[in-house]
Amino acid sequence: MVTWNVGAAKPPADLKSLLQLDSQPATDLYVIGLQEVNSSPLRYISDLIADDSWSHLLMDTLAPKGYIKVTSVRMQGLLLILFAKQVHLPFIRDIQSTYTRTGLFGYWGNKGGVSVRFSFYGHMLCFLNCHLVAHMNYALQRLDEFEYILDTQDFDIYNTPHVLDHKVVFWFGDLNFRIADHGMHFLRSSINNGQFNLLWNKDQLIMLKKNEPILQEFVEGPLCFKPTYKFDHFSETYDTSGKKQKPAWTDRILWRIKPKAADNEDESGSTTSSAAAADDDDDEYPVKMTQDMYTCDVSYGVSDHKPVIGTFNLEMRKKVETPLVRLTTEGCWSADEDALFTYTILETFESSTWDWIGLYKIGFKSASDYFTFAWVKDDEVAANGEVVTVTVSNDKLPMLAGEYVLGYHSSNMQTLIAFSPAFQILESKQALIEGMIPENINGHEK
């Protein structure tokens with residue numbers, strides 16, 4: 001996970017260090033929350049038409065490593081993006097997103113929260129990226145905004161209509177909590193000496209957690225890294241402007257595992273079935289969360305904030321292990337002749353005649369990054385177990401060789417829910433005729 005207030009800046013040339021791309025074992029999910037993405041009216045309107053420059057760079061960086069953009073949500077300067085390895089996409093379901101405005105009386109949306117929720121192998125996860133009100137004296141207002149966001153965000157999911165109904169919740173972003181009371185000299189000497197623990201007892205969020213039950217449900221790793229605000233641009237030096245803002249851990253990542261349901265007894269003394277069922281579910285499908293890393297990357301300087309990185313290990317027993325659809329290619333594929341594939345509905349889901357199956361070159365960035373596509377059965381929804389054959393016209397196929405997969409996109413679930421095994425498309429004879437590939441004669445390219 002990453003949170004970064006980018007201060008309306010253009011993205012840097014390289015995000016590989018930020019994304020820890022060489023870490024082992026390889027990451028399964030990336031969840032990236034940005035604040036203050038350039039949201040001037042003209043820029044925001046253009047970003048609604050096409051992805052913003054930050055999203056493009058993230059996709060360009062992650063796609064070659066096999067990560068696919070699953071979904072994103074944008075509210076003015078707030079952006080939340082989810083990437084996943086292809087193997088996990090069939091088990092990321094029921095994706096929904098929402099947002100809450102809090103800044104400028106809720107009209108423009110320069111502050112607030114954006115969230116994405118989904119089912120991951122049957123477990124309900126929710127990610128909430130917030131940008132809360134600034135300045136030292138507004139700690140209680142920040143808490144009020146957080147509670148307002150929790151109260152107002154809801155989802156059209158019967159068993160998890162609210163953020164805190166989810167099994168796992170991540171709350172992260174520019175939460176804007178400051179370090180109270182300490183003078184500038186003590187702050188800077190503690191930071192320079194790496195004695196961050198001397199500042200914890202005056203961190204506003206840590207202080208509030210002592211008395212606020214809602215905050216006590218959230219866990220945060222120790223702040224064993226430099227306060228991430230406020231830096232001179234392209235520097236590891238704290239604010240040298242006339243304002244001389246105090247350093248602070250404004251940028252945070254916290255998480256919450258849903259507490260076991262309390263036993264609600266009626267007058268006869270019997271426990272309600274809903275609470276008992278919840279406990280049974282907790283026992284049969286437990287979830288364990290550990291944080292492997294919590295740090296900031298001071299090498300990035302496009303903003304006066306440094307990005308914060310958290311890596312987490314989520315252990316769980318899978319509730320769902322069967323894809324909803326099976327896709328199978330038939331025979332060899334090339335643009336010299338029409339191609340065939342079949343799909344079979346394996347489990348009941350809210351399928352639609354607006355579903356489609358895309359042809360994707362390995363290394364694709366998102367569901368919309370297909371080479372071509374075909375609609376599913378157009379007169380009626382396929383029945384469970386029915387094998388449906390689809391023909392792809394040869395003039396829709398790539399002429400050059402490459403490795404591809406087929407992906408089934410559900411219009412109701414708004415995601416790719418199944419993939420075929422990877423397969424080769426052969427070079428077409430027409431490509432050679434048209435000079436798209438060099439002709440090899442006696443070992444020499446012509």
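Trainee: Why is Ser-241 called partly exposed?

Mentor: The relative accessibility of Ser-241 is 30%, and since buried means under 20% relative accessible area, exposed over 50% and partly exposed in between (1.4 Å probe, protein chains only), Ser-241 therefore counts as partly exposed. Please keep in mind that this is a predicted model, in which local features need pLDDT of at least 70 and side-chain atom pairs count only at pLDDT 80 or more, while totals for chains, interfaces and linings use all residues. Residues are numbered from 1 along each chain as its sequence is written, and side-chain values use heavy atoms, with hydrogens and water left out.

Trainee: What makes Glu-220 count as buried?

Mentor: Glu-220 has a relative accessibility of 17%, which falls under the 20% cut-off, so Glu-220 counts as buried.

Trainee: How do you know that the side chains of Glu-220 and Tyr-294 make a polar contact?

Mentor: A polar contact is a pair of N or O atoms within 3.5 Å; within protein, one must be able to donate a hydrogen and the other to accept it, and residues adjacent in sequence count only if both atoms are side-chain atoms. The side chains of Glu-220 and Tyr-294 are joined at 2.6 Å, and the side chain of Glu-220 also makes a polar contact of 2.7 Å with that of Arg-252.
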